[in-house]
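I opened the notebook on this model to look up its fold, its helices and one of its pockets. My entries follow.

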Amino acid sequence: MRPELWRLHTGIQRVEAAADVALTTGFSAHFYGPVLAWASGAPFGDLLERIALGEGDLIQVINRTLDLAAQLREALRGSAALDGRRLALVSRLIEGDRLARRGLVAQCLQLAAAAGS
């Protein structure tokens, strides 16, 4: 999935450069491990042992990743031509969202939603 995301990201940056704007800061190719590990079923405590982040910061990283993935999903769904590759990417983003919304992350999201309503 990363090669496809890089391709999309590069395309976005080209469009921004042509419009003389720089809105997209990009993402780190080296910081995908914690969210991938979480979505793969790793215990939260194991993640904390492997990276130099506090609990709240790690929850925030996962939540922001979920938010960015949702934005990408909606952008792809809203595109005029939802071809097979884009449709496959949307499906993978939906599955990733499902896998990451578990345990402590799901509880924090529920609490935030309840506080916001």
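Entry 1, overall. I began with contacts, taken as heavy atoms within 4.5 Å. Among contacts in the protein chain between residues at least 6 apart in sequence, 48% join residues at least 24 apart. The model is predicted, so I noted the limits: local features need pLDDT of at least 70, side-chain atom pairs count only at pLDDT 80 or more, and totals for chains, interfaces and linings use all residues. Residues are numbered from 1 along each chain as its sequence is written, and side-chain values use heavy atoms, with hydrogens and water left out.

I then looked up the secondary structure. The protein chain has six helices and zero strands. Its elements run α-α-α-α-α-α from the N terminus on. Helices (H or I, at least four residues) and strands (E, at least two) are DSSP runs, numbered from the N terminus. I also checked burial: 25% of the 117 residues of the protein chain count as buried. Buried means under 20% relative accessible area, exposed over 50%, and partly exposed in between (1.4 Å probe, protein chains only).

The expected span is 1.5 Å times one less than the number of residues. For the 17 residues of α1 that gives 24 Å, and the end C-alpha atoms are 24 Å apart, which agrees.

Which residues of α1 are buried? I found Glu4, Leu8, His9, Gly11 and Glu16. They cover an arc of only 160° around the axis, so they lie on the same side of α1. The arc is that of the directions from the helix axis to the C-beta atoms. These buried residues pack against α4 and α5 (84–100). On the face turned away from the buried side of α1, I noted the exposed residues Pro3, Arg14, Ala17 and Ala18.

I moved into the loop between α1 and α2, where aspartate 20 lies. Most residues other than glycine have a negative phi. Aspartate 20 has a positive phi of about 60° although it is not a glycine. With a relative accessible area of 70%, aspartate 20 is exposed.

Threonine 25 is also placed in the loop between α1 and α2. It counts as exposed because its relative accessibility is 77%. I looked up one distance here: the C-alpha atoms of threonine 25 and glutamine 13 are separated by 8.8 Å, and the two residues are twelve apart along the chain.

A pocket is an open set of points on a 1 Å grid over the protein atoms alone, where a 1.4 Å probe fits, with protein on both sides within 12 Å along at least five of seven lines; lining residues have an atom within 4 Å of a point. I noted a volume of about 170 Å³ for the second largest pocket. The volume is the space filled by probe spheres set on the points, which are joined across faces, edges and corners.

Which element gives the most to this lining? It is α1, with five residues. The lining includes Arg7, Leu8, Leu72, Ser79 and Arg86. By class, I noted six nonpolar, two polar and two charged residues. Ala, Val, Leu, Ile, Met, Phe, Trp, Tyr, Cys and Pro count as nonpolar, Asp, Glu, Lys and Arg as charged, and the others, Gly among them, as polar.
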